[in-house]
Amino acid sequence: MGNIVTRFAPSPTGYLHIGGVRTALFNYVYAKKNDGKFLVRIEDTDKERSKEEYVEAIMDGLGWVGLIPDTEPIKQSNRFDTYQKEAHKLLEQGKAYKDEGAIRLAVEKKGTTTVKDLVYGEIEFANNDLDDLVILRSDGSPTYHFCNVIDDNFQKVTHVVRGEDHLPNTPKQIQIVKALGYEGFKYAHLPLVLGEDRKRLSKRHAATDLMAYKDIGYLPDALLNMLSRIGWSGINDEVFSMEEMKEIFDLKDIQRAGGVFDLKRLNFVNQSYMAKLNDDEIIRELESYCLVEGFKIESTDENKTLVRLCIGSGSNLKEIAEYLKPFFLNYSNYEEGSIEKHLLGSEDIFSEVKSKLEKLVSWRIQDIDIVINEILQKFKIPMPKLGLPLRVALLGRTKSPPLNVTIYLLGKEKCIDLLKKTIDFIAGC
């Protein structure tokens, strides 16, 4: 199948919606699978609501997830002369007429218009249900449907792949296609992206702005992976690469039922992608998130060990940076409920641990293991009775990598200082 051209045509009246990213993704992979072109068009005819900052945000978002158009995007606001010429041509041909200063397309009222959709099959619309369409307003500005058809033809688009909410617009656009004498396009309408309550995805379900997921620390490939499974059933694997998707993607595998945006699945997929990064890559990804938390992380052997141990403790880079923070900066508060549950009554254990750590000549994990075992035997307690209080004393919380590694990575001086701080705190309670 040659000469496939798809397009993603967002309106810059807001930031890039996560549902729009799924649409762009399907357009992109379908074009790439068939050695075709993927294009972007900015539909900015709404002068009041369209803003350049949204154009930049849309392109930045597409760039972040790697959905790069094959040619420079066009803007409809730069093509008003073309739309006006086409409208007046239809007026001269008797296919359109003036109405209170506007120009309307004289729609064929007899029979039906058939939409041959690659997802939903053939759908017939009664022409007598269609009103004569305004194609040029009285102020000379073109309407959405008119621009849409003209630009798809101008850009040599072969397949219009978009959300199913555009399906009712299609018979109107086919009428414009016929009036202008164009060859027309193939259509594929995608099921909507839904929230967990099966209603259209909105901010009350999850963040809808793409870049919010970058800010939180989701990897772009993980986000695309999860989005691809919403409405597409071409692969059974939960985690797969973009290259694999390009090889097997087909519009015939698009489902008709709306798909749910599943944050739990996104978290699982993102954790899988983070785990696949090598040590230097994950630290590089974490750098900006760690700086937000107030500390700098460098690619040292100890930090590589720490990060690898902590990689499963967060669903995204922001959570992992927060988890790493007590290893670099002293915590300010103890975890809620941990004082009564783990600290009070543990001061003798803390004093003994502090004393033994102070006496260590070398700082090795095997030396720390000896200290831990001696404490367990002396106080005749199970590991949780030592591990949980000690973690709270050292990190302010009960969760951490293995206790011996946690102590080792914090370092001798810091461990002793934190134990003294906790002992003093208990004494003041």
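Which residue forms a salt bridge with Arg364? The partner is Asp367, and the closest N and O atoms of the two are 2.9 Å apart. Here a salt bridge means a side-chain nitrogen of Lys or Arg within 4 Å of a carboxyl oxygen of Asp or Glu.

## Before you look around

What you have here is a predicted model, where local features need pLDDT of at least 70 and side-chain atom pairs count only at pLDDT 80 or more, while totals for chains, interfaces and linings use all residues. Residues are numbered from 1 along each chain as its sequence is written, and side-chain values use heavy atoms, with hydrogens and water left out.

## Salt bridges

Back to that opening pair. Arg364 has a relative accessible area of 42%, so it is partly exposed, whereas Asp367 counts as buried at 10% relative accessibility. (Buried is under 20% relative accessible area, exposed is over 50%, and partly exposed is in between, using a 1.4 Å probe and protein chains only.) Searching the whole structure turns up 26 salt bridges.

Another one joins the side chains of Arg41 and Asp151, at 3.9 Å from N to O. Arg41 sits in strand β2 (residues 37-42) and Asp151 in helix α4 (residues 144-154), so this pair ties together parts that are 110 residues apart in sequence. Both Arg41 and Asp151 are buried. They also belong to a network of salt bridges that links Arg7, Arg41, Glu43, Arg79, Asp151 and Asp152. As for the naming, helices (H or I, at least four residues) and strands (E, at least two) are DSSP runs, numbered from the N terminus.

Then there's Lys75 with Glu52, whose side chains meet at 2.9 Å, N to O. Lys75 is in strand β3 (residues 74-75) and Glu52 is in helix α2 (residues 52-64), so the bridge ties together parts 23 residues apart in sequence. Lys75 is partly exposed at 23% relative accessibility, and Glu52 is partly exposed at 44%.

## A three-stranded sheet

Strands β1, β2 and β3 make an open sheet in that order, with parallel pairing. At the edges are β1 (5-8) and β3, each pairing on one side only. Two strands count as paired if DSSP finds at least two bridges between them; β1 and β2 have four, in the parallel sense. Thr6 stands opposite Phe38 in β2.

Helices come into the picture too. Helix α1 (residues 18-33) lies across β1 and β2, at about 165° to β1. Helix α2 packs on the sheet as well, touching β1, β2 and β3, and its direction makes about 160° with that of β2. These angles run from 0 to 180 degrees between N-to-C directions, with axes fitted as lines to C-alpha atoms, for helices over the stretch in contact. Contact means heavy atoms within 4.5 Å.

## Helix α3, face by face

Which residues of α3 are buried? They are Phe80, Tyr83, Glu86, Ala87 and Leu90. Seen down the helix axis, they fall within an arc of 130°, so they line one face of α3. (The arc is that of the directions from the helix axis to the C-beta atoms.) They pack against β4 (96-99), β5 (102-105), β8 (133-136), α4 and α5 (170-180).

The face turned away from that buried side carries the exposed residues Asp81, Lys85 and Glu92. After α3 comes Gly94, with a positive phi near 80°.
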